[in-house]
Each structure stands twice: as C-alpha cells, then as structure tokens.
Amino acid sequence: MSEDTVPADDSDIKRMSFEEALASLERIVADLERGDVPLDRSIRIYERGEKLKNHCDRLLSAAEDKVEKIKLNRAGKPVGVEPLDPA
C-alpha cells in the first residue's frame, strides 16, 4: 500500500461498501505481515485497519438485521417471516 493510497483523515471509509472495506483491510494485513513497513506508517495503517474492521462489522450487522427466515406451517406452506437469529 503506497503512502498516497491512505487518506489522512479516513473519511473515505464511511463511503465504502463491505467488499471495498474488506479488500482494503486485507491489503493492510498483508503490508503489516510483510514486516517491511516503517513503525510510524505501521501504526497509521493499523489504526486505519481498526476503522475498516469496525465499518465492516457495522455493515455486516445491518445486513444480518435484514435477513429473515420464512416461517412454514405444518403443511409446509409459507405463513410469514421471523428474524433469522432471534435474540
């Protein structure tokens, strides 16, 4: 990940789709695992990774809230919906 691909304020994260944020997070993990990133940059991209992870968590949670399970009656006919994972 080059210096110019990491915005200074992370404002772009809120506009990212789940897939975009996950891909960016994967690039950060790969950069950090390589171990050739200077310490100050490692800290910066780690902090960005935390923000990306939190964004992915929020998007995933919102998607899970929308998923419903179809309820069937004894005859196997659909009769409505219920949360996929009731709380």
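User: Is D10 buried or exposed?
Analyst: This is a predicted model, in which local features need pLDDT of at least 70 and side-chain atom pairs count only at pLDDT 80 or more, while totals for chains, interfaces and linings use all residues. Residues are numbered from 1 along each chain as its sequence is written, and side-chain values use heavy atoms, with hydrogens and water left out. Because its relative accessible area is 6%, and buried means under 20%, exposed over 50% and partly exposed in between (1.4 Å probe, protein chains only), D10 is buried.

User: Which side chains make polar contacts with the side chain of D10?
Analyst: D10 lies in the segment before α1 (18-34), where helices (H or I, at least four residues) and strands (E, at least two) are DSSP runs numbered from the N terminus. A polar contact is a pair of N or O atoms within 3.5 Å; within protein, one must be able to donate a hydrogen and the other to accept it, and residues adjacent in sequence count only if both atoms are side-chain atoms. By that criterion the side chain of D10 pairs at 2.8 Å with R48 and at 2.9 Å with K51.

User: How far apart are the end C-alpha atoms of helix α2?
Analyst: The expected span of a helix is 1.5 Å times one less than its number of residues, so the 28 residues of α2 (residues 39-66) should span 40 Å.
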